[in-house]
Amino acid sequence: MVQLTTANRLASLRTAPGLRERLDLPRRVVFLAAVSMIGIVTLLLGFIAWQGIQLFVKDGVPVGQVFSATWQPDATSGPTNYGLLPFILGTIAVTALALLISTPLSVGLALFLSEVAPRWARAIVQPALEIFVGIPSVVWGWLGLTILVPFLHDTFRHDFVISLPVLGDVFRVPGFLTGFSWLAGALVLSIMILPTITSVSFDAFRAIPQELRTGSLALGTTRWQTIRHILIPAALPGVLTAIVLGMTRAAGEALAVQMVIGSQPVLPRAVTQPIETLTAAITLDMGNTVFGEPWQDALWTMSLVLLIISVASVVLVRLINKRRMAL
Amino acid sequence: MLNGIRRISALAVAATVVLSACSSSGSTQSAAPSSATVNCVAGSITTAGSTALQPLIDAAAKQYVAACTGATINVQGGGSGTGLSQIAQGTVQIGASDVLANSKLATPDADKLVDHIVAKQGWIMVTNKDVTGVTNLTTAQATDIWTGKVTNWKGVGGPDLAIVLILRPASSGTRATFKKLVLDGANEATGNTLTEDSNGAVTTAIGTTDGSTSVIGFAYYQDPANAGKLNGLQLDGIDATTANMSNGTYKLSADGHLYTLGQPSGLTAAFLDYMMSPAIQNTLIPAKGYGPVVH
Amino acid sequence: MSASTTPSLHLRGSRRSILADRAATVVLWGTGAFVLLLLGSIIVHFGIAAWGVVSPSFVLSDPSDTALGGILPILWNSIYMLGLTMLIAVPVGILGGIYMSEYAGDNKLTEAIRFAEEAISSVPSIVVGLFGLILFVDNFHMGFTALGGALALTMFNLPLMTRLSEQALRAVPQDERSASLALGATKWQTIQHVVVPLAIPGLVTSIILTAGRVFGEAAVLLFTAGLATPAHYDFTNFNLGDPASPWSPLRPCTTMAVYIYKLQSEGLGIYVSKVVDGSAAILISMVLAFNLGARLVGRLLTRRLTAA
C-alpha cells in the first residue's frame, strides 16, 4: 500500500532504531519513577498489614474481640481486652459531625464561587481558600485548644434541656465538662476539610456545560431554581466525591483532633462529651508503649483500620466516578 | 519480611559517631567553677523517652554542652515507651523511662539494657482553685475519688462540687505510677473524666474546670506558668516536697531511669557521670523539682 | 434526576420563587463572607498574639528556657527538611509526571499507577509516620534523622508532585509535540527540548505547592525525624557525617510544626504560649509566602516564556 517514495524511504531509515534508542533509557527512567508509587503503596500496605495482624497472630487475641466495646490494654490491672469499637465509632462520629457541619457550607461556597460571585469576589475568596489548605494542622489544633475549647466550656457549661409540661424532659444534652469534646473535634475538622470539599465541588460545578444554565434561565427560572433543579443534580457525583475526600481527610487527621477531643475511650453519646478517635489513641499511646508489646500491637491494628478506611474511600470515589461516566 | 529489611539495613549508611576524647586541661583556666569538674568528651549522642524526665535531662545536657565544646546532646521526648523501644533497638544512646525496662520489654531485650538511676521524680495531686477546704487526701480517699466511688468533693470534706477527673493517657508513666502506688492497681473511673496528654492541656483544663483534679509532675507543678492556678494536695498528710520524697515519707515518687544498651562509653558515659556529679545532684535536680539519688 | 430538569412552569416569576432566589443569593454570598471573615480573624489573631514576640531576634536566636528565646535552629530545620525532601521528590515526581503524560498507555498498569497515586494521597499522615518509624528508624537502623523524615515526606508528597507535573505537562498543546516529531526529533528529544521547557511555569507552581505542604506537616515527622530541641547550631560545621552539623542529614531534625506540637504538650515556663503563637505566626506567614510565590513565579515565567 505504501508507495516507496524517497521521503518514505528516508523516514523508514530514520526510525530504524539504534541500540541507544532500543534501550530507550529515558523511557525506563520515567517509567521507574511512576511505578515507584506502586512500590510505595505495596510496601506501606504490607508493613502496616503485617504489624496490624500481630495482635491476632503473635498475641493470640481473637479477631472478634477487636469489635467489642471494652478497651482495657493495661495488663497490670486485670484481664486485658482490646476492644477497638470506641475508637472506630469515635472516628465515625467525629467525622460524620464534621461533614454535617462542613458540607452545606462548602457546597454553598463552591456554588458561590462558580455561580454567584463576580470576578473580583472570586479573586479574593479563592486565594483565601488556598491559604486555608496551607494552615498546618497543629495550628488548627492550637487555635482549638486556646480559643474553641475555653469558649465552649464558658458558654455552654450548663445542661441543655427541653422540657414539656406533661412529658417532662424530652431532650437533654449535658453541658460541657471542660470544652474538650466530640463537638470541639468536629468543629476543628469541619474547618480543615472545608477547602477540600469546596474545591472539588467547585470543579464539579464548573464542569457543567454552560448551555444547561442558559437553557434553564431562558425558560424563565430563577438562578436558585437552576441551581437546585439542574446544577446540583448534574454535579452530584462530583459533590459526592468531594464529600468522600473530605471524609478521608477528617478520619485521618491526628494532631489537631487529639488536641481538642478529650480522648476518652467510651462510646459516643453526647456531642458535649469527650470521645476518642483511632488517630488520637495512636498519637497518645504510641510513644508510651514499646515495640512488640500487645498494647502497641493494638495501636498498629488501629492504623491498619485507618489504612483500610482510606483505601476503601479511594475505591468508593472510583465507583462514584465510574457511575458518572456511565450516565 | 522484617528480617529481609533488616538485611538490607546492613547496606544502609549508618551514622557513625566519632568519639574522641578532648582534653579538659584548658577548662581549668575557665572562670566557671563547674567546668573544672566536667569530664569533657566530644561527640554527638541522642537521648529519647520519658517526657517527665525530659526537663531535667534537657537542662543537664545544656550545661554539659555549654562546658564542653565539641559535644552535642540531642534530648528527645516521645514517652517512656519510645525511650525503651529505641534504646533496645540501639537507635539512640540513652533511653529515658519512668518505669522499669522489664515491666515493658520482653526479657531478652530488657536484659541487654543497663539501668542508670539518676534522679527521683515525684508527682502531686492537684485540684481546681474552687475546691476549697481540701488540702490533704488519704490513700483511701484518693482511691475512692479516682475509682469513682466518691463523685462529689463533699464526700472528702470539700465543697458540694462534682469531681471531674483529668486522667493522663493510660499508657503514660505518670498514670502507671499513680495507679501502682496510690490506687493499688485499681482501674480509674470512666464517668466524669477526660484524658489529656499534654501538660498544657491538663493545667488549662484544671484551671478552667470547676471541681477538676489531676496528677502532675513536680517539675510541671512548680512551673511559673502555672503559679496560682492549681491547688496542690498532701498525700496521707505528707507535703509533696522533694525533701519528703528523698527521705521516703512521700510515696508518690519513682526512680527516673536512663538506660543504655550495654555498658556506656565515650560521651554517653561522660554525660551519665555528669548527671551523678554534685553540680547536677545538689543544684540542678532540686531546682528542677526532682530528688537527688546521691547525697 | 430527569424529573427535575424541567422546573414546573407555574413557579416562573412567582413572588415566592423570587424571594427564594434572593434568599439563596444572600446565603451564598454569606458563605464567601464567612470564609474571608474566618481567615481574616485568624490572621488578626496571630497578628495580635505575635505582636511583641516576633522580632528579628526571635527569628535569629536560639531557644531558651528562662527567657523568650528564639527559634533559629527550628526554622533552619524546617527549611533544611524542605530542601532535602524536595531534592528527592521533585526529580522523581517530575519524571513520574513525564511518564504519565507522555508515555502511559490506556492499560492496566497505568490504571494501577493511578490507583496507587490516589491511595497514597488518602493515607493519613500519621500512618505514613508510623511506616517511616518502622522502616527507616528501626529496620534501617537510622534512628530519628532528617533523612528518614525527608524520605517519609517524599512518599507522602510524591503523588501530589507527580499529578501536578502531569497536569502541567498535559497542558502543553499537542501541536508542539507533533511539530517537533515531524521535524525528526525523537520522542525523548521532544520531551526534553519542547514539552518540559513549555511546562516550566506549571512545574514551578507544582513544586511550590508541594513545598507548602512539607512546611506544615507534623504527624509524619513526629515519628521519623524526632522532637529534640537543638540548643545551638554551628553553621560553619560542614562535615556531613557529623550529626552535630546542621548540614548533616543524619541528625534529629525538629521542624516548626513539630516544635509547636511539642511545646504545647511538654513545654515548661511562662514563655511557652508566646513562643507557640510566634512560631505559628511565622509558619502561617511562610505558607502565605509560598502561595503568593507560586502565583507570582508562575505568572512571571509564563510571561517570560511566551514573550520569548
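This is a predicted model: local features need pLDDT of at least 70, side-chain atom pairs count only at pLDDT 80 or more; totals for chains, interfaces and linings use all residues.

Biologist: How is chain B divided up?

Modeller: Into domain 1, which takes in 10-119 + 254-288, and domain 2, which is 122-246. Ten residues from domain 1 of chain B and eight residues from domain 2 of chain B make the contact. On the domain 1 side, five are nonpolar, three polar and two charged. As for the C-alpha centres of domain 1 and domain 2 of chain B, they lie 31 Å apart.

Biologist: Switching to chain A. What's it built from?

Modeller: Chain A has 13 helices and four strands. Its C-alpha atoms fill a box of roughly 95 × 65 × 35 Å along the principal axes.

Biologist: What radius of gyration does chain A have, next to a compact globule of 327 residues?

Modeller: Chain A has 27 Å, while a compact globule of 327 residues would have one near 20 Å. Still, 51% of the residues of chain A count as buried. Also, take the contacts in chain A with a separation of 6 or more: 74% of them come from residues 24 or more positions apart.

Biologist: Can you zoom in on one residue? Why does Val314(A) count as buried?

Modeller: Val314(A) has 22 C-beta neighbours inside 10 Å, and the cut-off for buried is 20 or more, so Val314(A) counts as buried. You'll find Val314(A) in helix H13 of chain A, residues 294-326.

Biologist: What is Val314(A) in contact with?

Modeller: Leaving aside neighbours within four places in sequence, Val314(A) is in contact with Phe115(C), Glu118(C), Ala119(C) and Ser122(C). Within chain A, the C-alpha atoms of Val314(A) and Leu245(A) are separated by 8.3 Å, and those two residues are 69 residues apart along the chain.

Biologist: Those contacts are in chain C. How many residues of chain C are in contact with chain A overall?

Modeller: 69 residues of chain C, and they touch 66 residues of chain A. The largest share of the chain C side, 14 residues, comes from H1(C). That side divides into 48 nonpolar, 17 polar and four charged residues.

Biologist: And how many residues does chain A put into the contact with chain B?

Modeller: Chain A puts in 28 residues, and chain B 30. H7(A) gives the most to the chain A side, with three residues. That side has twelve nonpolar residues, 13 polar and three charged.

Biologist: Back to H1(C). What span should that helix have?

Modeller: H1(C) covers residues 15-50, so at 1.5 Å a residue its 36 residues should span 52 Å. The end C-alpha atoms of H1(C) are 52 Å apart, which agrees.

Biologist: Which residues in H1(C) are buried?

Modeller: Among them are Ala24(C), Leu28(C), Thr31(C), Gly32(C) and Val35(C). In general, an α-helix has 3.6 residues a turn, so residues three or four places apart point the same way.

Biologist: What comes just after H1(C)?

Modeller: Gly52(C), which takes a positive phi of about 85 degrees.

Notes
Residues are numbered from 1 along each chain as its sequence is written. Chains are lettered from A and ligands numbered from 1 in the order in which they are written. Helices (H or I, at least four residues) and strands (E, at least two) are DSSP runs, numbered from the N terminus. The radius of gyration is taken over C-alpha atoms; the globule rule is 2.2 Å times the number of residues to the power 0.38. A residue is buried if 20 or more other C-beta atoms lie within 10 Å of its own, exposed if 12 or fewer, and partly exposed in between; C-beta atoms are placed from the backbone. Two residues are in contact if their C-beta atoms, placed from the backbone, lie within 7 Å. The expected span of a helix is 1.5 Å times one less than its number of residues. Ala, Val, Leu, Ile, Met, Phe, Trp, Tyr, Cys and Pro count as nonpolar, Asp, Glu, Lys and Arg as charged, and the others, Gly among them, as polar. Domain bounds come from an automatic or database domain assignment.
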